[in-house]
Amino acid sequence: FVSFSSNVTIGDSNYSTQGIFVYDFLLYKTDDAGNVLWSKRMPGSGDQFARDVDVDQTTGRIALYGRLGATMSVDGIALNAQGIAPVLIVLDSAGTALWGETFPGNNVLPHEVKFTAAGDLLMTGEYRNQVSIDTASYQKFDPLNTIQARNPFIAKYSAAGTYLWSNAFPVSFSANVVFAQYEGYFVSLAEAPNGDIFLGINFRDLIRVDVDTITGTSNFSEDI
């Protein structure tokens, strides 16, 4: 799962974007010897940047996770980023899109997507001021209103594309240090055999986890 600009040849297929500086999604599948079995271009009205891909080992379904600029349609499924936003697209094993979702907000970036053992989907990302995930909306935690943070979030969807739950972990500074960049971002995502989720998050100074605020070492060093 990649992004490409201008033109590219995959196996016997040649694909071109609408311009030299326009990026489209491209998904292709190979056999274990590297021979291309099939490929699929997914254009939109803006740029598309690929981030992550995962495959359900039971059903062969494919989850694509990237950043969508403006709008796109994949096999009749219309997706609107309402600007620029992460996009999640799930396809069957032959590459036909089953469903998709976008996660609009303020400077929202995708990180990782992963199928669970039950076939559901977990996806992580980060936002600056605000992100909308289905019916949920998360804001920044910035009592000093100093600079924009990288605030991690996670969401879970069912195999059929039903929103199940989400959460966010906003970060902030405890002092008015306007020249430093405070941030929180995922470094790992794993599922336990009982279905519990483990998250590894880098953060500086302060991070809010549900009702608790955790204090890090300092403004200038990263904790996990």
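Which residue in strand 5 does Tyr28 stand opposite? Tyr28 stands opposite Ser39. The legends below start with the whole chain and then move to close-ups.

This is a predicted model, in which local features need pLDDT of at least 70, side-chain atom pairs count only at pLDDT 80 or more, and totals for chains, interfaces and linings use all residues. Residues are numbered from 1 along each chain as its sequence is written, and side-chain values use heavy atoms, with hydrogens and water left out.

**View 1. The whole chain is built with 20 strands and zero helices.** Helices (H or I, at least four residues) and strands (E, at least two) are DSSP runs, numbered from the N terminus. The chain has 224 residues, and 47% of them count as buried. Buried means under 20% relative accessible area, exposed means over 50%, and partly exposed lies in between (1.4 Å probe, protein chains only). The accessible surface comes to about 10600 Å². Carbon and sulfur atoms own 49% of that surface. Accessible areas come from the Shrake-Rupley method with a 1.4 Å probe; for residues, only the protein chains shown count as cover. Of the contacts with a separation of 6 or more, 48% join residues 24 or more positions apart. Contact means heavy atoms within 4.5 Å.

**View 2. Strand 4 pairs with strand 1 and with strand 5.** Two strands pair if DSSP finds at least two bridges between them. Strand 1 (residues 2-5) and strand 4 run antiparallel and are joined by four bridges. Here Ser3 has Phe25 as its bridge partner. Strand 4 and strand 5 (residues 36-42) are also antiparallel, with six bridges. Their hairpin has five residues between the strands, and Gly34 takes a positive phi near 90°.

View 3. Tyr28 sits in strand 4 (residues 23-30). Tyr28 is partly exposed, at 36% relative accessible area.

**View 4. Arg41 and Asp24 form a salt bridge.** A salt bridge is a side-chain nitrogen of Lys or Arg within 4 Å of a carboxyl oxygen of Asp or Glu. The closest N and O atoms of Arg41 and Asp24 are 2.8 Å apart. Arg41 lies in strand 5 and Asp24 in strand 4, so the pair ties together parts 17 residues apart in sequence. Arg41 is partly exposed at 28% relative accessible area, while Asp24 is buried at 1%. The structure holds six salt bridges.

View 5. The side chains of Asp120 and Lys156 meet at 4.0 Å, N to O. Arg150 bridges to Glu126, with the closest N and O atoms 3.0 Å apart. Glu126 is buried, at 2% relative accessibility.

**View 6. The largest nonpolar core has 21 residues.** A nonpolar core is a set of buried Ala, Val, Leu, Ile, Met, Phe, Trp, Tyr and Cys residues joined through side-chain atoms within 4.5 Å. Leu88, Ile133 and Phe153 have the most contacts inside this core. Strands that each supply at least two of its residues include strand 8 (77-91) and strand 14 (151-157). Leaving aside neighbours within four places in sequence, Ile133 is in contact with residues including Phe103, Tyr138 and Phe153. A second, separate core of 18 residues includes Trp38 and Leu79.

**View 7. Ala70 and Gln82 each have a positive phi.** Most residues other than glycine have a negative phi. Ala70, in strand 7, has a phi near 75°. Gln82, in strand 8, has a phi near 55°. Ala70 is partly exposed at 28% relative accessible area, and Gln82 is exposed at 62%.
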